[in-house]
Amino acid sequence: MSTYKGVLYMRRKLLIKRARVNVRYKFYEMKNIVQDFNISTPPDLRAWMGCLGWCAKAVDSLSDRLSFREFSEDNFNLTEIFNLNNPDTLFDSVILGALISACDFVYISPDADGYPRLQAIDGSNATGKIDPVTGLLTEGYAVLERDDYNNPILEAYFTGEATIYYRKGCKPEIVKHSVGYPLLVPVIYRPDAVRPFGHSRISRACMSIVGSAVRTVKRSEIAAEFFSYPQKYVSGLDSDAERMDKWKSTMAAMLAFTKDEDGDHPVVGQFAAQSMEPHLAQLKMFAGLFAGETGLTLDDLGFATDNPSSSDAIKAAHENLRLAARKAQRGFGRDFLNIGFLAACLRDDYPYKRQQFYKTKAKWEPLFEPDISQLAGIGDAIGKLQQSFPDYFTSEKLRDITGF
């Protein structure tokens, strides 16, 4: 126990991390506050600001393509553990949270019968000290329940020997186990040596670009009002003339002006209407920057192209997104294996070695589902390969390629 940092240290660490995670969630949920420069905005509209769902699109476009199937060489029957823990919700929730906050967590606990129970905890409610070799925690901390004011009610501190629960107003409860690792497993997106807890899909560049784009949308809304009703003027009007209501004069179908005693009459004119093209060009520029940052296309961000794309063209346009998804699959596959490893240890009440699971690999559904033309090409290629390697293609390998 002397090597552990302790629960107080973990609480402080979570407080530091929580603020950054909440910022990412605000951008994902389009509740972020965008600064107005107060240069071209009328005073009555300075409090109004629109929103854009580009950050949510960047996350969802990747998370929706990551579909975990099963474990191959599953000697310890890990797939059964996940199948008994609502995998459709668990995997989607963990993957989505990891892409937003860079790291999500899965909390493992025994149910009434001692079988592993898996629960997803978002990155703003859990943290720990990580072993960079295995990707497992050496100790961890999580807030399992909060009150209406976001204050912790139930906390858990995880060590290799026990899970200690702290309920507000009660004495700590210690639940011992023989797993040998904390029963809190991180699921990390794009970890590296400098940042072992990974990087968020919503990067600083994404947040900056979205802020600039939202300001562009606001300026275009203001300009649209002047575009719809261009400013007009009347010159040469007598100072004693009756003042006209501005809405009446704008919307009236016919206006009459009489000559004065000298035979002069007012001159009515209109200022040139503002063009919406600069705002559209600037918004498209920011869309291009955001697409380059996230591996998306302008079609994904609402700027449709003229011709519909084929399946091959879509895959080619999303090459960077495909590479990012492959990278995410490798990282998440390791973390899902870690979850299954600790759950198997808890299920069997035996401290297995991590090396015993080296043959077990995570399998995923194809990132891009093939269309009819692609299936025809795949079938032709498989037929030719079968002539040279008769026993190579099995139904399982065919499913890995096509998803069928």
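**Arg 190.** I looked up Arg 190 and found it in the loop between strand S9 (184-188) and helix H5 (204-228). Helices (H or I, at least four residues) and strands (E, at least two) are DSSP runs, numbered from the N terminus. Phi of Arg 190 is near 55°, a positive value in a residue that is not glycine. I noted a relative accessible area of 38% for Arg 190, which makes this residue partly exposed; the cut-offs are under 20% for buried, over 50% for exposed and partly exposed in between, with a 1.4 Å probe and protein chains only.

**Basis.** The model is predicted, so I note that local features need pLDDT of at least 70 and side-chain atom pairs count only at pLDDT 80 or more, while totals for chains, interfaces and linings use all residues. Residues are numbered from 1 along each chain as its sequence is written, and side-chain values use heavy atoms, with hydrogens and water left out.

**Glu 73.** I also checked Glu 73, a residue other than glycine with a positive phi of about 50°. Glu 73 lies in the loop between strand S1 (68-72) and helix H3 (78-83).

**Tyr 115.** I located Tyr 115 in the loop between strand S2 (103-110) and strand S3 (116-121). Leaving aside residues up to four places away in sequence, Tyr 115 touches Glu 80, Ile 81, Leu 84, Ser 109, Pro 110 and Arg 347; contact means heavy atoms within 4.5 Å. For Tyr 115 and Leu 84, which are 31 residues apart along the chain, I recorded a C-alpha separation of 9.6 Å.

**Sheet.** I traced an open sheet of five strands in the order S4-S5-S6-S7-S8, with antiparallel pairing; two strands pair if DSSP finds at least two bridges between them. Strand S4 (126-130) and strand S8 (173-176) are at the edges with a single partner strand each, so one side of each has no neighbour in the sheet. From one strand to the next the twist averages 15°. Helix H1 (residues 7-28) packs on the sheet and touches S4, strand S5 (137-146), strand S6 (152-158) and S7. The direction of H1 makes about 115° with that of S4; axes are lines fitted to C-alpha atoms, for helices over the stretch in contact, and angles run from 0 to 180 degrees between N-to-C directions.

I then followed strand S7 (residues 162-167), which pairs with S8 in the antiparallel sense over four bridges. Thr 163 has Val 175 in S8 as its bridge partner.

**Helix H2.** I went through H2 (residues 54-63) and found eight of its ten residues buried, so the helix is largely enclosed by the rest of the structure. Among the buried residues are Trp 54, Cys 55, Val 59 and Leu 62.
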